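Student: Hi! Could you walk me through this structure in plain words?
Tutor: Happy to, let's look at it together.

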Amino acid sequence: MAADIRVITSADLDVADRILLAAYGGGSRRHALASYLVLQPDGWIMTYVDGAPAGVAGTINYGPTAYIGLVGVDPAYQRRGLALAMMRHLLAWLAARGNPVVLLDASVAGAPLYERLGFVDDEQTIAFVRGDHVHQPELQSAHVGTLAAADLPAVVAFDAPIFGAARAAVLGQLYAEAPARALVMRDQAGQISGYLFAQPRTIGPWAARTPAEAEALLGAALALAYDQGPSVMAPGANPHVAGLLQRYGFSPSRALRHMRLGGDGPVGRRGQLYGLASFAIG
């Protein structure tokens, strides 16, 4: 078996999407992958076996930490060591750039591979989904408003210690895609105390200083329209998020293992993080 690994370009998106659909099922991930390529053009790879595309994986390097995601192999090429080869390639790529900590959210099937590479469990990341016909609790707050472009640097600064790294490119990209769906919370002094990005199918990233502020943001977000769901990918380390989401009609759908390679312990303040941007990029 001759296998080689190449960086994905925009011309590869349809092929990469077909591989991920075969590997994972569900809907198309083409739009998400296109967004990730903008964020990290050199971080997303495809493996070829005898010239045929067979696997996809990628990473976003945030500096102090990185996320690996969308590690998928076409079922016709599974159990040939391709996922391991792609992971080793990405880890070497990150090590060459001095990245000290790598994070990912692993399925039950994928976790043994990551354990083999030295990843350890920090906690779980739990996916919650809201039904289509759920009673909408009325909750409005004068302290929640639409995010302005001028507020983005302050939101990035608020988010950085919670997420564990500054992710201006991610938040800026989400804002550019749908500025009317970016929400911000301010305290009595006018300082930012929370934010939420309502993606078409996902609520997140979403962070807040207190549970009450997180709830006010959620109430405003649920007044918006969604393509489906919506879903929330919530850190298990947050002791408030499960109860909050369940009060608003969300139910847990699956749990992934939040795993780490490097560092001395969990990254960021996940007790104040209520929703991820995605499983692939944190």
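Student: Which residue takes a positive phi in the hairpin of S8 and S9?
Tutor: Gly190 does, with a phi near 85 degrees, and that hairpin has 5 residues between the strands. By strands and helices I mean DSSP runs, numbered from the N terminus: E for strands, at least two residues, and H or I for helices, at least four.

Student: Before we go on, what am I looking at?
Tutor: This is a predicted model, so local features need pLDDT of at least 70 and side-chain atom pairs count only at pLDDT 80 or more, while totals for chains, interfaces and linings use all residues. Residues are numbered from 1 along each chain as its sequence is written, and side-chain values use heavy atoms, with hydrogens and water left out.

Student: Back to S8, then. In what sense do S8 and S9 pair?
Tutor: They pair in the antiparallel sense, over 5 bridges, with S9 spanning residues 192-198. Two strands pair if DSSP finds at least two bridges between them. Ala182 has Phe197 as its bridge partner in S9.

Student: And which strand do 3 bridges join to S8?
Tutor: That is S7, residues 144-146, which runs antiparallel to S8. There, Thr146 has Leu183 of S8 as its bridge partner.

Student: Which residues touch the most other members of the largest nonpolar core?
Tutor: Trp44, Tyr62, Leu147, Phe197 and Ile281 do, in a core of 47 residues. Helix H5, residues 152-163, gives the most to this core, with 6 residues. A nonpolar core is a set of buried Ala, Val, Leu, Ile, Met, Phe, Trp, Tyr and Cys residues joined through side-chain atoms within 4.5 Å.

Student: What lies apart from it?
Tutor: Another core, of 26 residues, and among them are Leu91, Trp93, Leu94 and Leu117.

Student: Switching to rings: how many aromatic pairs does the structure hold?
Tutor: It holds 7. Rings of Phe, Tyr and Trp (its six-membered ring) pair if their centres lie within 6.5 Å; planes under 30 degrees apart count as stacked, over 60 as edge-to-face and the rest as tilted.

Student: Why is the pair of Tyr62 and Phe163 edge-to-face?
Tutor: Because their planes stand at 80 degrees, with the ring centres 5.0 Å apart. Tyr62 lies in the loop between strand S3 (52-61) and strand S4 (66-73) and Phe163 in helix H5, so the pair ties together parts that are 101 residues apart in sequence.

Student: Are Tyr62 and Phe163 buried or exposed?
Tutor: Both are buried. Phe163 also pairs with Tyr67: the centres are 6.2 Å apart and the planes are at 20 degrees, so that pair is stacked. Tyr62, Tyr67 and Phe163 form one aromatic cluster.

Student: Which residue lies over the face of Phe163?
Tutor: Arg167, at 3.8 Å from the ring centre. A charge sits over a ring if NZ of Lys or CZ of Arg is within 6 Å of the ring centre and within 35 degrees of the ring normal. The charged end of Arg6 likewise sits over the ring of Tyr48, 3.8 Å from its centre.

Student: Nice, so what does Arg6 form with Asp4?
Tutor: A salt bridge, with the closest N and O atoms 2.8 Å apart. The term means a side-chain nitrogen of Lys or Arg within 4 Å of a carboxyl oxygen of Asp or Glu. Asp4 is partly exposed at 30% relative accessibility, and Arg6 is partly exposed at 39%.

Student: How many salt bridges are there in the whole structure?
Tutor: A search finds 11. One of them joins Asp121 and Arg257, at 2.6 Å from N to O. Asp121 lies in strand S6 (residues 120-130) and Arg257 in strand S12 (residues 250-261), so this pair ties together parts that are 136 residues apart in sequence. Glu115, Asp121 and Arg257 are linked in a network of salt bridges.

Definitions and conventions:
Buried means under 20% relative accessible area, exposed over 50%, partly exposed in between (1.4 Å probe, protein chains only).
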